[in-house]
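Subject: Structure handover

Hi,

Here is the structure for you to look over. My notes on it follow below.

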Amino acid sequence: MEIKQWIWSSVDDARLAETVLSYIRAGNTQLQAFEDVANALGRTSAACGFRWNSKVRQQFKNSIKEAKLDRNRNKQQKPDVVSTSNNKDSGLDMRDVLKFLRQLKEGYTELEVKIKMLKKELDVKSREILLLKEKNIELSSKNSFDQGINEDYQALLKIIDRARHISLDTNSRICLDPQVGSNKVAT
């Protein structure tokens with residue numbers, strides 16, 4: 001199952017580097033590492049190999065040297081034991097056990113990377129939630145203030161409307177007397 005992804009994130013690069021370095025330490029090939037990390041990242045092993053050789057490898061020169069030294073130290077310390085028992089029916093030999101332990105360690109390392117990423121993401125989301133809560137409180141208080149202004153505005157309109165009616169009633173009672181030339185209130 002191939003999924004084309006064009007942009008490599010720093011998390012993808014870190015996962016690629018950690019996987020390749022663990023394979024180097026274990027004495028496995030980089031090609032095996034590319035296949036393994038390709039499945040985890042949803043990319044092709046060729047894409048992982050190209051990314052490693054074109055960008056990531058340069059950033060991890062010292063780590064590669066250390067991984068190779070670790071591999072050489074491990075080779076010197078390990079006796080060349082093929083089987084833990086003379087019984088061929090047991091089905092287990094040291095190579096299988098070591099392979100299983102390496103895979104277990106790699107899985108653990110991958111989980112540690114995921115946990116770190118998820119913790120960072122959780123921190124970001126927690127901050128976003130706090131900011132949104134503050135914005136919600138701010139908008140709620142602004143909404144209350146706006147509602148108060150709207151109520152005051154409606155009350156003012158009612159006062160103006162009453163004043164207009166009072167003014168019209170008063171004007172209808174006042175009439176001009178042409179003989180006297182003054183205003184009189186009609187009764």
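Helices here are DSSP runs of H or I, at least four residues long, numbered from the N terminus. Bear in mind that this is a predicted model.

By that definition, leucine 104 sits in helix α5, residues 94-173. Leu104 also belongs to a nonpolar surface patch of about 360 Å².

The largest nonpolar core has 17 residues. Leu16, Val20, Phe34, Cys48 and Trp52 touch the most other members. Four helices each supply at least two residues of this core: α1 (10-26), α2 (30-41), α3 (45-59) and α4 (61-77). The largest share, six residues, comes from α1. As background, nonpolar side chains in soluble globular proteins tend to be buried together.

Trp52 deserves a look. Beyond four places in sequence, Trp52 touches Leu16, Ala17, Val20, Gln30, Phe34, Arg57 and Ile64.

Then go to leucine 21, in helix α1. Is leucine 21 buried or exposed? Its relative accessible area is 4%. Buried means under 20%, so leucine 21 counts as buried. Setting aside neighbours within four places in sequence, leucine 21 is in contact with Phe60, Ser63, Ile64 and Ala67. Arginine 57 lies 36 residues from leucine 21 along the chain. The C-alpha atoms of these two residues are separated by 10.0 Å.

Best wishes

Methods: Residues are numbered from 1 along each chain as its sequence is written. This is a predicted model: local features need pLDDT of at least 70, side-chain atom pairs count only at pLDDT 80 or more; totals for chains, interfaces and linings use all residues. Side-chain values use heavy atoms; hydrogens and water are left out. A nonpolar core is a set of buried Ala, Val, Leu, Ile, Met, Phe, Trp, Tyr and Cys residues joined through side-chain atoms within 4.5 Å. Buried means under 20% relative accessible area, exposed over 50%, partly exposed in between (1.4 Å probe, protein chains only). Contact means heavy atoms within 4.5 Å. Patches are made of residues with over 30% relative accessible area and no salt bridge: like charges are joined within 9 Å, nonpolar side chains (Val, Leu, Ile, Met, Phe, Trp, Tyr) within 5 Å. Accessible areas come from the Shrake-Rupley method with a 1.4 Å probe; for residues, only the protein chains shown count as cover. A salt bridge is a side-chain nitrogen of Lys or Arg within 4 Å of a carboxyl oxygen of Asp or Glu.
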